[in-house]
Amino acid sequence: MRILLLWFLYAIALTVALARNGFRSKSASRARAGEKRALPKKILIVGATGGTGRQLVLQALERGIAVTALARDPAKLGIEHANLRIVQGDVLDYASVEAAVQGQEAVVSALGHKRYVGPSRILSEGTKNILRAMEAQGVRRFVCQTSLGIGDSAGLGGLYYTFIVCPFVVPFYFWDKTRQEQLIAESRLEWVIVRPGQLTNGVKRGSYRHGSTIGNYISTVCISRADAADFLLNQLTDDTYLRTAVGVSW
Ligand SMILES: NC(=O)c1ccc[n+]([C@@H]2O[C@H](COP(=O)([O-])OP(=O)(O)OC[C@H]3O[C@@H](n4cnc5c(N)ncnc54)[C@H](OP(=O)(O)O)[C@@H]3O)[C@@H](O)[C@H]2O)c1
């Protein structure tokens, strides 16, 4: 009984901490609903070899955008296209990030990793390097995928995330995501934080929900990486969620 109570208190305390430390949209500048801008001709995709990143690369190329993919191991990407350039680099190596950012019109990040055990700062330090390189190179637009469950979406991953996944699988990882979001929110760039529900490898449906009320406190909402990528790319031209964090799910 005591263990159950401790588990409950720990999960609630962690949820409150994630809520307080992630980005909270009350401090956001007002979104400009419906404003559109021209499609960028050249973008950098960070996390290109990952599940969402690969979808970002394929879909950006389909949209006619010239893509630079930052990859630690370029051979891992396995995509060839006349409009695709792969730059070998690591988000933790500032010089390689700045070299990849140079000449771009926007950056989209689906950075992630599986080092869940113990504290890590890969997401926040990597994102700090991306933001710094964008400032240095005068690149303004940054669209970054984080996760439902951070900041003012804390708890909205449902009971499974609140009581199992966050406390026991990804507490350090989510803590790093809160720092990642705060760094983005403090930047002077044109940024959009995208928080998907649980990601699947399902097909692109082309139809999903988005907004500040996505998710719920009971069940877990999902979206495919393909649809998440579609929404991320839409944020390059749509100012509706500029300088806010937006949830997205089926
Ligand atoms: N899984 C879910 O249900 C879920 C739900 C919501 C949000 N998210 C978040 O969405 C994001 C993307 O998730 P995903 O599952 O699509 O991604 P993923 O498959 O885990 O891919 C992560 C990408 O980040 C890259 N990366 C990691 N460390 C790097 C470094 N130091 N320098 C450069 N690149 C690095 C990886 O490169 P390598 O190939 O070299 O490792 C890979 O390309 C993550 O932040 C994840 O937490 C996930």
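## Contacts of Leu56

Leu56 touches Ile45, Ala48, Val108, Ala110, Ala229, Leu232 and Leu233, leaving out residues up to four places away in sequence; contact requires C-beta atoms, placed from the backbone, within 7 Å. The model is predicted: local features need pLDDT of at least 70, side-chain atom pairs count only at pLDDT 80 or more, and totals for chains, interfaces and linings use all residues. Residues are numbered from 1 along each chain as its sequence is written.

## Nonpolar cores

The largest nonpolar core has 57 residues, and Ile45, Leu56 and Val107 have the most contacts inside it. Helix α7 (residues 225–234) supplies the largest share of this core, six residues. A second, separate core of eight residues includes Leu18, Tyr161, Tyr173 and Phe174.

Such a core is a set of buried Ala, Val, Leu, Ile, Met, Phe, Trp, Tyr and Cys residues joined through C-beta atoms within 7 Å. A residue is buried if 20 or more other C-beta atoms lie within 10 Å of its own, exposed if 12 or fewer, and partly exposed in between.

Helices (H or I, at least four residues) and strands (E, at least two) are DSSP runs, numbered from the N terminus. Strand β4 (residues 106–109) is covered on both faces: Ala106 and Val108 are buried on one side, Val107 and Ser109 on the other.

β4 pairs in the parallel sense with strand β1 (residues 42–46) over four bridges, pairing requiring at least two DSSP bridges. In this pairing, Leu44 stands opposite Val107. β4 also pairs in the parallel sense with strand β5 (residues 141–145), over four bridges.

Terms used:
Two residues are in contact if their C-beta atoms, placed from the backbone, lie within 7 Å.
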